[in-house]
Amino acid sequence: MEQRITADCVARAQALAPRIAAAAARIEAGRELPPDIVEALHEARLFRMLVPRSLDGDEVSPVAFMHAIEELAKADASTAWCVAQTSVCSTISSCLKPQIGAEIFKNDPRGVLAWGPSTSKAKAIAEPGGFRVSGEWPFASGSRHATWLAAHSVVSEADGSLRRDSNGEPVQKTFVVPHGSATIKDVWRVIGLKGTGSDTYTLTDVFVPEDCAIAHHALDRAERHEHGPLYSFTIYQLFGSSFPAIALGIARAMLDAFIELAKTKTPAGGKSPLRDNSVIQSQVGVAEAQLAAARTFFFAAWNEIWRAAQDDAMTLDQRVQLRMASIHLSQQARQVAETAYLAAGATAIFESNPFERRFRDMHAVSQQAQAQFAIYEVIGRHFLGLPLQSTRII
């Protein structure tokens, strides 16, 4: 069963890629995935990759998931981003009450959960039977075609005091609400990943039943109803790798496009195509080596930790290695994309060519928290034998 599903999700992504690539201009112009592409993704079950099988999901391995995201990103980064973002969001269904998970996914074949990150502009006041939630959450990728949204907030008691856990820390929860409970603000006007529709949404005094509230980002293992190895990974590990997988797909597509261009483009004042230039030959050789090495490290780290997860035996060293492979891939992919863009010369600045949109998309990906150079600090502290200030990102 695992092998069949693993093969299928990657094959379905590859099969759909030409159609997505053909729609890339529409996706960017509309600043969201158009209905026909959303429908095609649903038909291919690509929004279901990380949904539990008990909720009519495919519950594929994270290794297969990363491969599928890479394939989608070669076609269009915004599409890959929406699928990656909402797929990782769907993993919190492992902690939702089964009837709530069923309402979101099993009872609705087009169910999609999206959210924006935690923010200080949020409050959740406890009251009998649930919580009264208000606030604003930005960067909600895929929210325009989502059916449910999640909101994250610290919890206050009815008297206004913060609810605290046994360690005296403020209690944070994640709340799921139907999409219609929120007001969407159309604010997504950006230089890259334009098609993700990553708008801001607000909730105003929305009552959320107790059954629709779980520990912040589903981090409390005691709440889990799903115990497959996929759900031993946190959203931070999955986001931390799926976005580099997008960068990988973008870089691969840009480098392939440049190689094709180099076969035919003769620069102004030149007598032979770019591919005959020794500098170009060296640049392509270095870029291919960078991308191959980073990709191999990334998937090797995932294969190792996935095997360990199936035995419930993940180690801190493996988690650090996964984070190291992920941030390394992000950094190397960006460098390869820049090499291809610059080597293409003035050709790369025209919208009719396959460079400028991907260049902008890559630099939007690189601005996300999961791609920041500061992540190396945590990795370095581990190898230096220093205590980790936060284990959340690994």
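The lining of the largest pocket is made up of 16 nonpolar, eleven polar and two charged residues, where Ala, Val, Leu, Ile, Met, Phe, Trp, Tyr, Cys and Pro count as nonpolar, Asp, Glu, Lys and Arg as charged, and the others, Gly among them, as polar. The model is a predicted one, in which local features need pLDDT of at least 70 and side-chain atom pairs count only at pLDDT 80 or more, while totals for chains, interfaces and linings use all residues. Residues are numbered from 1 along each chain as its sequence is written, and side-chain values use heavy atoms, with hydrogens and water left out.

Of the 29 residues that line the largest pocket, P117, F139, F243, Q368 and A369 lie nearest its centre, and the space inside amounts to about 670 Å³. A pocket here is an open set of points on a 1 Å grid over the protein atoms alone, with protein on both sides within 12 Å along at least five of seven lines, whereas a cavity is a set of points where a 1.4 Å probe fits but cannot get out; lining residues have an atom within 4 Å of a point. Grid points are joined across faces, edges and corners, and a volume is the space filled by probe spheres set on the points. The helices α5 (77-90), α7 and α10 (356-365) each supply at least two residues of this lining, and α7 gives the most, with four. Helices (H or I, at least four residues) and strands (E, at least two) are DSSP runs, numbered from the N terminus.

The second largest pocket has a volume of about 420 Å³. Its lining comprises 23 residues, with L219, R224, S232, T234 and Q237 lying nearest the centre, and here too α7 gives the most, in this case three residues. By class, this lining holds eleven nonpolar, seven polar and five charged residues.

The helix α10 is itself largely enclosed by the rest of the structure, because eight of its ten residues are buried, that is, under 20% relative accessible area, with exposed meaning over 50% and partly exposed in between (1.4 Å probe, protein chains only). Those buried residues are E356, R357, R358, R360, D361, M362, A364 and V365, and what covers them includes α2 (24-30), α4 (62-75), α5, α7 and α9, a contact being heavy atoms within 4.5 Å.

The largest cavity, of about 50 Å³, is lined by Y236, Q237, G240, S241, R319, L322, R323, S326, I393 and I394. The elements that give two or more residues to this lining are α7 and α9. One of the lining residues, R323, sits in helix α9 (residues 316-343) and touches Y236, G240, Q370, I375, I379, I393 and I394, leaving aside residues up to four places away in sequence. R323 is buried yet has no salt bridge, and the nearest side chain of opposite charge, E377, is 13 Å away; Lys and Arg count as positive and Asp and Glu as negative, while His and the chain ends are not counted. The second largest cavity, with a volume of about 30 Å³, is lined by A247, S330, Q331, R334, V365, S366 and A371, and the largest share, three residues, comes from α9.

Salt bridges, defined as a side-chain nitrogen of Lys or Arg within 4 Å of a carboxyl oxygen of Asp or Glu, number 29 in the whole structure. In one of them, D211 pairs with K97, the closest N and O atoms being 3.0 Å apart. This pair links distant parts of the chain, 114 residues apart, with D211 in the loop between β7 (199-209) and β8 (213-215) and K97 in the loop between α5 and α6 (98-106). In another, R144 and D199 bring their closest N and O atoms to 2.6 Å. Because R144 lies in the loop between β3 and β4 (148-156) and D199 in strand β7, the pair ties together parts that are 55 residues apart in sequence. R144 is partly exposed at 24% relative accessible area, whereas D199 is buried at 1%. Finally, D8, R12, R45, R48, D56 and D58 are linked in a network of salt bridges.
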